[in-house]
Amino acid sequence: MKVVRLSAVQGNIPEKIIDAVLEHHDIVDTVSKYVHLAKQGKYMKGLCPFHSEKTPSFTVTPDRQIFYCYGCGKGGNAIKFMMEIEGLSFPEAVKIMAEESHIAVPEMQGSSTVSHNPERERLIQAYEWSSKFYHYLLKNTEHGKPAMEYLRSRGFTDKLIDQFQIGYAPDSWNTLVQFLTKRSFDLEEMERGGLLSTRSDGSGCIDRFRDRIMFPITDRNGKIIAFAGRILGDGQPKYLNSPESKLFNKSRTLYNLHQSKSAIRKLRQIVLFEGYGDVISSWEAGVLNGVATMGTSLTESHTAMIKTMADEVLVCFDGDRPGQAAAMKVIPLLESAGLSIKICVLSDGLDPDGFVQKYGGERFMNQIIDGAVSTTKFKLIYLKKNHILLEEDGKISYMKEVLPIIAALSSSTEREVYLRELSAEHHLSYESLKQDCNLIRQSMQKNMHDGDNIDPGWNNGRHKKAKAPTPILLPAYHTAERRLLSLMLQDTEVARYVGDHLGDAFNIDDHAAIAAYLYAYYAQGKQPDISRFMSSLHDDQLEKTLISISMMDTPREWNIQVLDDCIREVLKVPQQRAIDQKKEEMMSAERSGDFLRAAQIASEIIALERQ
């Protein structure tokens with residue numbers, strides 16, 4: 001059974017602060033900043049921000065101030081939602097929410113209100129100071145002049161350089177080593193954190209970044225957690241990222257997310273770039289909702305993060321062949337997350353940064369961002385390059401490749417638009433193209449699994465029909481325990497009665513622990529409030545069980561008979577286990593020939609059954 005310690009699990013934040021935060025942050029208002037909710041009876045429903053789905057299973061219950069997803073099982077109160085959606089610890093979430101509501105959070109003696117990890121805090125401080133140091137070297141020293149000249153030649157203004165804290169790491173082995181040493185940082189710790197490298201002979205540390213323009217990488221809360229360094233000369237690699245560390249995981253980090261997230265949430269749209277320079281140049285052009293991956297492919301963690309903030313993604317990768325191939329690769333990943341996608345098509349093989357420098361920000365916004373095309377249109381453009389369209393064979397092979405893409409579209413209007421475009425561009429009969437497209441579509445429908453009624457245009461190989469889970473029939477005592485807890489959560493009198501007649505004699509450990517917490521909660525004179533009670537648990541498994549119980553449609557009305565029936569069902573279990581144990585002992589005695597002992601045990605079994 002789990003030990004109940006209500007005061008120790010809250011990160012030393014006073015209960016009155018937690019209560020005030022919950023009082024000032026209505027669950028519907030909190031969730032609505034991230035999820036579009038629609039009213040359905042007494043619930044609010046929307047698409048879950050924590051997993052990909054097409055049918056809303058994410059439910060908010062305003063009267064209980066909780067959320068729950070029937071698809072992935074995540075649930076909790078407003079604080080728990082902020083923890084999950086922003087990747088925060090409990091103390092961090094409370095502190096941020098308190099500040100938003102102008103609730104004073106006192107610093108607690110002997111402990112910070114934010115989770116304390118000394119090495120992490122030292123690394124964050126070291127990265128912050130190192131960033132300022134590199135920025136100073138770029139702007140105020142002779143060492144930084146060539147880097148500054150290069151940046152200005154690329155159209156980077158002083159305002160941009162300051163806003164993105166761009167810096168310069170000199171071509172030296174120990175500039176940063178000396179800087180950190182003077183400030184009493186542990187160099188081995190700095191090496192583990194990715195700021196320094198170990199000498200090849202193992203005799204100490206050297207600067208990891210040398211003769212590079214430095215781009216600080218922040219987490220979603222604005223703390224610097226890594227660097228990206230671009231070589232100033234002709235060396236390799238052109239870009240060098242900090243290695244992964246306690247602070248930095250490139251698969252879960254997006255460059256510029258901290259500065260762009262307010263615009264992303266306002267527009268419900270994100271522009272995805274490949275490089276840091278693209279983000280910064282486009283920012284100057286007016287794209288305030290741009291981010292970039294960390295020199296790695298887009299991951300499911302990235303898409304999950306994007307989905308919490310945006311409904312639409314504009315993919316703005318380089319206009320060369322590798323850039324377009326990379327755009328093709330991210331389409332299915334973004335689509336599988338349920339995001340709407342458009343592709344920005346750049347001409348002349350330019351990258352976004354190069355396009356802004358060559359043609360200016362206004363043309364970039366009008367032609368590239370506003371002119372973004374659908375994924376289908378982009379695929380038709382991209383696949384052209386695989387074929388020689390002036391030759392008949394090339395034209396036929398191109399049609400064989402693109403017609404299945406058009407056939408998979410669910411909208412007949414869309415199919416007609418693209419078929420007419422192909423007909424006009426390649427001087428082919430529209431009726432012939434339509435006939436071929438319909439044959440392909442019929443073949444797709446025929447090949448679909450029996451009973452899978454997903455339209456092929458919606459499916460397109462990406463969306464698998466979820467099989468309905470087989471209902472699990474819980475044992476009678478399990479159901480009785482859940483019903484008792486559901487009633488106890490709503491009424492102190494029920495909790496008092498169950499405490500007197502059952503105590504913590506629940507058969508399921510999680511149920512016994514929740515009951516023990518609930519008795520302690522009510523003993524403090526508190527009234528039923530599922531959202532506030534949940535904040536006293538701080539155990540993921542208990543919270544998951546509690547939220548599942550709290551979503552039961554248990555009537556508020558109760559009587560002693562209902563409680564006694566449930567309690568009797570719960571108490572049957574240890575009695576039945578004792579009877580089963582006795583039966584095993586009796587059979588063992590019979591097998592060994594001790595019939596007198598077997599007869600005695602049989603009498604004990606009869607006595608237990610009478611009870």
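Visitor: Let's start with a definition: a disulfide is a pair of cysteine sulfur atoms within 2.5 Å. How many disulfides does this rule give?

Guide: Welcome! This is a predicted model, where local features need pLDDT of at least 70, side-chain atom pairs count only at pLDDT 80 or more, and totals for chains, interfaces and linings use all residues. Residues are numbered from 1 along each chain as its sequence is written, and side-chain values use heavy atoms, with hydrogens and water left out. By the sulfur rule, the count of disulfides is zero.

Visitor: Are cysteine 437 and cysteine 566 buried or exposed?

Guide: The terms follow relative accessible area with a 1.4 Å probe on protein chains only: buried is under 20%, exposed is over 50%, and partly exposed lies in between. Cysteine 437 has 1% relative accessibility. Cysteine 566 has a relative accessible area of 7%, so this cysteine is buried, and cysteine 437 also counts as buried.

Visitor: Which strands form the edges of the open sheet of six strands?

Guide: Strands here are DSSP runs of E with at least two residues, helices are runs of H or I with at least four, and both are numbered from the N terminus. Two strands pair if DSSP finds at least two bridges between them. The sheet has mixed pairing and the order β12-β14-β13-β15-β16-β17. Each edge strand pairs on one side only, and these strands are β12 (254–255) and β17 (373–374).

Visitor: What is the bridge partner of leucine 254 in β14?

Guide: β12 pairs with β14 (residues 290–293) in the antiparallel sense, over two bridges. In β14, leucine 254 has as its bridge partner threonine 293.

Visitor: Where does helix α13 bend?

Guide: First, the length: an expected span is 1.5 Å times one less than the number of residues. The 16 residues of α13 (residues 321–336) should therefore span 22 Å, and the end C-alpha atoms, 24 Å apart, agree with that. A bend is the angle between axes fitted to the seven residues ending at a residue and the seven starting there. In α13 the bend is about 25°, with proline 332 following within four residues, and its place is valine 330.

Visitor: Which elements do the buried residues of α13 pack against?

Guide: The buried residues of this helix include Val330, Ile331, Leu333 and Leu334. Contact means heavy atoms within 4.5 Å. The partners in the packing are α12 (300–307), β15 (312–316), β16 (340–343) and α16 (375–384).

Visitor: Which residue just after α13 takes a positive phi?

Guide: At the start of α13, a side-chain oxygen of aspartate 320 comes within 2.9 Å of the backbone nitrogen of glycine 323. Just after the helix, a positive phi of about 80° belongs to glycine 338.

Visitor: Which residues does leucine 563 touch, not counting residues up to four places away in sequence?

Guide: Leucine 563 is part of helix α26 (residues 560–591). Its relative accessibility is 0%, so leucine 563 counts as buried. With those sequence neighbours set aside, leucine 563 touches Leu484, Leu487, Val494, Tyr497 and Trp558.

Visitor: What is serine 131 touching, not counting residues up to four places away in sequence?

Guide: Serine 131 sits in helix α5 (residues 118–140). Its relative accessibility is 2%, so serine 131 counts as buried. Beyond those sequence neighbours, serine 131 touches Gln165, Pro216, Ile224 and Phe227.

Note on methods
A polar contact is a pair of N or O atoms within 3.5 Å; within protein, one must be able to donate a hydrogen and the other to accept it, and residues adjacent in sequence count only if both atoms are side-chain atoms.
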